[in-house]
Amino acid sequence: MSRPARPRIGFTRRITLAATALRWWGPRQWIVAALGALGIGVLLGVATVLIPNDFFSRDIAPTAWDRPVWIATSLLSGLLVGSYVSPRGAAPAPEDSSADSGSRWGLAGGLLAWFAIGCPVCNKIALLALGYSGAMAYFAPLQPWMAALALVMTFGAVIYRLSGQVECPVSIPRPDALQETAERTQA
């Protein structure tokens with residue numbers, strides 16, 4: 001049996017629904033979102049050496065946009081993590097496989113942000129594929145674009161998840177199901 005079709009919602013409407021969902025959040029969701037943002041921020045910051053540490057090193061100094069992208073990615077990812085927490089006493093939402101696409105987009109956005117804010121020559125994949133000079137000549141100029149794409153993907157995932165918390169899905173019957181129902185009532 002196929003899943004009922006959901007009406008398409010415009011982006012501005014999704015943003016309005018997402019803002020409504022945030023207003024309905026309780027302390028439990030906000031605490032999880034804050035802890036998620038902090039955890040992801042520390043993970044990204046340590047791995048890309050935006051937080052100085054003894055575990056990793058960075059050959060190229062961070063650019064001016066590295067820190068704002070890092071902070072924005074952490075905050076958006078925290079909101080995404082918080083969107084998976086139900087308020088205390090609420091019944092768990094039914095499983096919807098389409099809701100999982102928000103987590104995939106969020107994960108892809110976070111991974112892309114990690115590549116974007118990291119040192120271009122410290123990235124072993126870029127270094128092996130392009131060499132030191134190739135990483136500086138080809139990979140480094142792509143990093144701002146990767147950062148922008150990462151933020152768009154993560155923002156989209158957050159908006160999609162949050163708007164789904166207040167959107168009322170309407171079950172639209174298939175045309176063949178309507179005809180079967182009409183035939184049964186006539187018989």
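Which residues does Thr-73 touch, not counting residues up to four places away in sequence? In this predicted model, Thr-73 touches Leu-44, Gly-110, Ala-113 and Leu-151. Thr-73 lies in helix H3, and it counts as buried because its relative accessibility is 0%.

The protein chain that holds this residue has six helices and zero strands. Read along the sequence, its pattern is α-α-α-α-α-α. The chain has 187 residues, of which 36% count as buried. Among contacts between residues at least 6 apart in sequence, 78% join residues at least 24 apart. The accessible surface of the chain comes to about 11800 Å², and carbon and sulfur atoms account for 69% of that surface.

The largest nonpolar core has 18 residues, and the members that touch the most other members are Trp-70, Leu-112, Ile-117, Phe-139 and Met-146. Two or more residues of this core come from each of helix H3 (66-82), helix H4 (100-117) and helix H5 (124-166). The largest share, seven residues, is given by H5. A second, separate core consists of 13 residues, among them Trp-25, Ala-33, Val-158 and Leu-162.

Ile-117, one of the members of the largest core named above, has contacts with several parts of the sequence. With residues up to four places away in sequence left out, Ile-117 touches Leu-44, Thr-48, Leu-50, Arg-58, Trp-65, Asp-66, Val-69 and Trp-70. Leu-44 is also among the residues that Thr-73 touches. Trp-70, which Ile-117 touches, is likewise listed among the core members that touch the most others.

Side chains of opposite charge can pair when their charged atoms come close. Arg-58 forms a salt bridge with Asp-66, and the closest N and O atoms are 3.0 Å apart. Both residues of this pair, Arg-58 and Asp-66, are buried. A search of the whole structure finds one salt bridge.

Ala-18 has its place in helix H1 (residues 11-24). With a relative accessibility of 3%, Ala-18 falls under the 20% limit and therefore counts as buried. Apart from neighbours within four places in sequence, Ala-18 is in contact with Ile-159, Leu-162 and Ser-163. One of these, Leu-162, is included in the second core. Ala-18 and Arg-161 are 143 residues apart in sequence, while their C-alpha atoms are 7.8 Å apart in space.

Aromatic side chains were considered separately. A search of the whole structure finds three aromatic pairs. In one of them, the rings of Trp-25 and Trp-30 have their centres 4.9 Å apart and their planes at 65°, so the pair is edge-to-face. The limit for that class is over 60 degrees. Trp-25 counts as buried because its relative accessibility is 8%; Trp-30, with a relative accessible area of 39%, is partly exposed. Trp-25 is also included in the second core. Another pair is made by Trp-114 and Phe-115, whose ring centres are 4.8 Å apart; their planes are at 55°, so this pair is tilted. Trp-114 counts as partly exposed because its relative accessibility is 34%.

Val-42 lies in helix H2 (residues 27-47). Val-42 has a relative accessibility of 40% and so counts as partly exposed.

The loop between H2 and H3 contains Val-49. Although Val-49 is not a glycine, it has a positive phi of about 60°. Val-49 counts as buried because its relative accessible area is 16%.

Note on methods:
Residues numbered from 1 in each chain as written. Predicted model: local features only at pLDDT ≥ 70, side-chain atom pairs only at ≥ 80, totals over all residues. Heavy atoms only, no water. Helix = DSSP H or I, 4+ residues; strand = E, 2+ residues; numbered from the N terminus. Buried < 20%, exposed > 50% of the residue type's maximum accessible area, 1.4 Å probe, protein only. Core = buried A, V, L, I, M, F, W, Y, C linked by side-chain atoms within 4.5 Å. Contact = heavy atoms within 4.5 Å. Areas by Shrake-Rupley, 256 points an atom, 1.4 Å probe, with all protein chains shown as cover. Salt bridge = Lys/Arg side-chain N within 4 Å of Asp/Glu carboxyl O. Phe/Tyr/Trp six-rings, centres within 6.5 Å; stacked < 30°, edge-to-face > 60°.
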